[in-house]
Amino acid sequence: MVDFDTGGKVLLIAPPTIVVQARSNERFAVVQTTWIDNRGSATDTYVDVVGDGTDPLDDIDPRKQVIRAEPDQLCWAFIVAIGDRRGEVTLVTERGGSFGRFIMDGKMRIEFRPQELFDLFQSALDELPAA
């Protein structure tokens, strides 16, 4: 959740509450869902191993498939408010890009450049009717 005033000042950037990561290899994919508290600490992580149904994957222990590395690509999903305009914005970025960073170092957190966020969201929300 990101709230701005109409001049572009950040009023609120709420931390993510759910982080979903995925990784695949030849036999299966791993989908990991982590719930985050308001301090950025992971409260629960669920790891699911998914195959195509032709391989029972009985030899794969999901607990050994936990994803710990920072991802190469990030898909950001925001609920944004600028003045009286509100909407949802989703975008995909590469790791290390200038837009934002997802950091996993004991706590999960995000860092953004507020002006870039405002510029991106303002153009998207300008197309929406006022609430």
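Entry 1, the network. I began with Arg27, Asp55 and Asp59, which are linked in a network of salt bridges; a salt bridge here is a side-chain nitrogen of Lys or Arg within 4 Å of a carboxyl oxygen of Asp or Glu. I noted that this is a predicted model, in which local features need pLDDT of at least 70 and side-chain atom pairs count only at pLDDT 80 or more, while totals for chains, interfaces and linings use all residues. I also wrote down that residues are numbered from 1 along each chain as its sequence is written, and that side-chain values use heavy atoms, with hydrogens and water left out.

I looked up Asp55 and Arg27 and found their side chains joined in a salt bridge, at 2.9 Å from N to O. Because Asp55 lies in the loop between β5 (42-50) and β6 (73-82), and Arg27 in the loop between β3 (18-24) and β4 (29-36), this pair ties together parts that are 28 residues apart in sequence. The strands named here are DSSP runs (E, at least two residues), numbered from the N terminus. I then turned to Asp59, whose side chain meets that of Arg27 in a salt bridge of 3.0 Å, N to O. Asp59 lies in the loop between β5 and β6, and Arg27 in the one between β3 and β4, so this pair ties together parts that are 32 residues apart in sequence.

Asp55 is partly exposed at 27%, Arg27 is partly exposed at 35%, and Asp59 counts as exposed at 56%.

How many salt bridges does the count come to? I found three by this rule, and among them is the one between Asp61 and Arg63, at 3.1 Å from N to O. Asp61 is partly exposed at 22%, whereas Arg63 is exposed at 69%.

I listed Ile18, Val20, Val31, Trp35, Tyr46 and Val50, which form a nonpolar patch on the surface with about 530 Å² of accessible area together. Patches are made of residues with over 30% relative accessible area and no salt bridge, with like charges joined within 9 Å and nonpolar side chains (Val, Leu, Ile, Met, Phe, Trp, Tyr) within 5 Å; accessible areas come from the Shrake-Rupley method with a 1.4 Å probe, and for residues only the protein chains shown count as cover. I saw that β3, β4 and β5 each supply at least two residues of this patch. Trp35 is found in strand β4 and is partly exposed at 34%.

Definitions and conventions:
Helix = DSSP H or I, 4+ residues; strand = E, 2+ residues; numbered from the N terminus. Buried < 20%, exposed > 50% of the residue type's maximum accessible area, 1.4 Å probe, protein only.
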